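Biologist: Please take me through this model feature by feature, giving the general idea of each term before the case at hand.

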Amino acid sequence: MNPPKFFGSVVGEDPHLFLEEVKKITLIMHVSEEESVELASYRLKDIAHDWVVMWEKSRGENAAPVTWSEF
């Protein structure tokens, strides 16, 4: 498995393509939706990673696991 990385600052990067590729990989592997989103957020780099860290902090400590529809 070699999931893509998403930087958020590279010209021509398509965030939808990134998400669809992660979904496809994790669906084939029978990974739960929550774990799939965790993998996607882990593969975010640079600006995209900073954004998701701030977003997760804003959700609070006791927030439910993130689903694809929220992500």
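Modeller: Let us begin with contact, which means heavy atoms within 4.5 Å. This is a predicted model, in which local features need pLDDT of at least 70 and side-chain atom pairs count only at pLDDT 80 or more, while totals for chains, interfaces and linings use all residues. Residues are numbered from 1 along each chain as its sequence is written, and side-chain values use heavy atoms, with hydrogens and water left out.

Biologist: What is the mean pLDDT of the protein chain?

Modeller: The term pLDDT is the predictor's confidence in each residue, from 0 to 100. The protein chain has a mean of 88, and 99% of its residues reach 70 or more. Elements here are DSSP runs numbered from the N terminus, helices being H or I with at least four residues and strands being E with at least two.

Biologist: At what angle do helix H1 and helix H2 pack?

Modeller: For such a value, axes are lines fitted to C-alpha atoms, for helices over the stretch in contact, and angles run from 0 to 180 degrees between N-to-C directions. Here H1, residues 15–28, packs with H2, residues 33–42, at an angle of about 135 degrees, and their axes are 10 Å apart. Angles under 35 degrees count as roughly parallel, over 145 as roughly antiparallel, 65 to 115 as roughly perpendicular and the rest as oblique; H1 and H2 are therefore oblique to each other.

Biologist: Is the crossing of H1 and H2 left-handed or right-handed?

Modeller: A crossing is left-handed if the near helix is turned anticlockwise from the far one by less than a right angle, and right-handed if clockwise. The crossing of H1 and H2 is right-handed.

Biologist: Which residues in H1 meet which residues in H2?

Modeller: From H1 come Phe18, Val22, Lys23 and Thr26, and they meet Ser36, Leu39 and Ala40 in H2. The residues of this contact divide into four nonpolar, two polar and one charged, where Ala, Val, Leu, Ile, Met, Phe, Trp, Tyr, Cys and Pro count as nonpolar, Asp, Glu, Lys and Arg as charged, and the others, Gly among them, as polar.

Biologist: Which residues of H2 are buried?

Modeller: Buried means under 20% relative accessible area, exposed over 50%, and partly exposed in between, with a 1.4 Å probe and protein chains only. In H2 the buried residues are Ser36, Val37, Leu39, Ala40 and Ser41, and what covers them includes H1 and H3. Ser36 counts as buried because its relative accessible area is 2%. Leaving aside residues up to four places away in sequence, Ser36 touches Val22, Lys23, Thr26, Val31 and Trp68.

Biologist: Where is Val31 placed, and what does Val31 touch?

Modeller: Val31 sits in the loop between H1 and H2, and with a relative accessible area of 28% this residue is partly exposed. Not counting residues up to four places away in sequence, Val31 touches Thr26 and Ser36. As for separations, Val31 and Asp14 are 17 residues apart along the chain, with 23 Å between their C-alpha atoms, whereas Leu19 and Val31 are twelve residues apart in sequence and 15 Å apart in space, C-alpha to C-alpha. Leu19 itself is found in helix H1, counts as partly exposed at 22% relative accessibility, and touches Trp68 and Phe71 when residues up to four places away in sequence are not counted.

Biologist: What is the phi of His30, and what is the phi of Asp46?

Modeller: Most residues other than glycine have a negative phi. In this model, phi of His30 is near 60 degrees, a positive value in a residue other than glycine, and phi of Asp46, also a positive value in such a residue, is near 55 degrees. His30 is found in the loop between H1 and H2 and is exposed, with a relative accessible area of 73%. Asp46 lies in helix H3 and, at 46% relative accessibility, counts as partly exposed. Not counting residues up to four places away in sequence, Asp46 touches Phe7 and Ser9.
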